[in-house]
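Here is a friendly briefing to read alongside the structure. Take a moment to look at the model first, then follow the topics below.

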Amino acid sequence: MRLYKLIEGLADINIPDREISSVTDNTKKVRKDCIFVCVKGGSFDGHDAAAEMLEKGAAVIVAERDLGLGNKQIITDNSRKFYGELCAAWFDHPEKKLKIIGVTGTNGKTTISNVIKNIFMKNGIKTGLIGTICNEIGDETVHTDNTTPMAFDYMCLLDKMVKAGCKYAVMEVSSFGLVQHRIGPTHFDMGIFTNLTQDHLDYHKTMENYYQAKRMMFDECDYALINTDDEYGRRIFSEISCKKERYGISSEADYYADAIKIKSDGTSFWYCYNGKSQLVNMKMTGMFNVSNVTAAISVCLKADLPIEDILKAVSEYNGVKGRCEIIPTGRDFTVICDYAHTPDAVENILKSVREYTEGRLICLFGCGGNRDAKKRPLMAKAAAKFADRLIITSDNPRDEIPEAIIDDILAGLKDSEIPFDVVVDRTKAIHHSLKIAEKGDIIVLAGKGHEDYQVLPGNEHIHFDEREIVSEGLKLID
């Protein structure tokens, strides 16, 4: 692609026009005649490698300051933003060729986006999905490393969706994706805000910064659907200027759930909107999923799908992997796997399961290493609020000592009388939970959810699937 076509509207330059072979912000992907964008990260600044990238064959350098490279540099005030826009131009702006629905917030993004995608697909609308578990192009599954992909990968994925005939793309929009401009100039036809609870403060530092990051999405939205049951939802609803409506459990919302009945094998409720109500039956359980499905139904209504077709798709949907997922045991106790890894998410899953637990509610959890340490004691307090017994273990320790992470967690139990066991090795901890389980008990394995790996020091990923570990553990207690 020609240089001038790529940067049209982005910069005024005196560089002679030429053919460009690729665009990248990754030093390992620089090749002859490419554009290299200098991005400053947490541990590496691309500006320091600019001269070397020219030697490797880069034709143009994009930087946030004058690097003394003459007519081989473009100066911008925000290289991350410039790179996102450059990637969009490289793929001929696929973000403009799809109707894009964004879901942001701390909890619920994965479930809402998956339910919406499922409803669309069941109604013959080919749809792409971008999210935590995987990316999907219609029925094709594509691997993902980040909730919101990096800018080049993101635009490449949208381009594939367009070429595959997708009409919609439903995506989880992370705070990282927003502040790092990974989504480039994406404009959302519809945006959903779920809630905001403590997470990622190792990166954002304060809840206000975290909130402002999430809020960014609604500056690029035609229509917003906001969970006003949430405190931050009420705030964002009052601040944004696009067309907006409310959803939730409260009857004050524009779309809300009423007469909710939750069981271990599913949930029913009345979906209320515009003075009407419709009975919803779904295989998913939990009050949080009532809220999630209410949001999904509302978005699909805004997309002009008939309510009857929406509810039929909801009733047939089995749920999302690792989100309040029941792992079959064939025993007289139940094991549930859930991705809950924030205090609020742990409280939500346990509060919901508590309603139909006949015996004891046992919660097994840990906290990730190299992540927000302040939430560790809060996780313990949240778990102790609803569980009868806790098993404290590891999650993804990364480069921290697992025992030190557990000490941080235990600080939250100083004033609690709840019984707990500490089993550092997560496999042994899961096996222990199975050994102590009695008739009617429910074990909630919190934190890993859909993940089938564990992250150890040096970013080593080892295979770790809790479904397999439960199966192995059951054989040990036979």
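Four strands form an open sheet in the order β1-β2-β3-β4, with parallel pairing. This is a predicted model, where local features need pLDDT of at least 70 and side-chain atom pairs count only at pLDDT 80 or more, while totals for chains, interfaces and linings use all residues. Residues are numbered from 1 along each chain as its sequence is written, and side-chain values use heavy atoms, leaving out hydrogens and water.

**The sheet**
- The edge strands, each pairing on one side only, are β1 (23–24) and β4 (73–75).
- Strands here are DSSP runs of E with at least two residues, and helices are runs of H or I with at least four, numbered from the N terminus.
- Two strands pair if DSSP finds at least two bridges between them.
- β2 (residues 35–37) and β3 (residues 60–63) pair in the parallel sense over three bridges.
- Phe-36 has Ile-61 in β3 as its bridge partner.

**Two packed helices**
- Helix α12 (residues 343–354) packs with helix α13 (residues 375–386) at an angle of about 10°, their axes 8 Å apart.
- The axes are lines fitted to C-alpha atoms, for helices over the stretch in contact, with angles running from 0 to 180 degrees between N-to-C directions.
- α12 and α13 are therefore roughly parallel to each other, a label for angles under 35 degrees.
- The contact (heavy atoms within 4.5 Å) includes Leu-350 of α12 and Leu-378 of α13.

Notes
Parallel < 35°, antiparallel > 145°, perpendicular 65-115°, else oblique.
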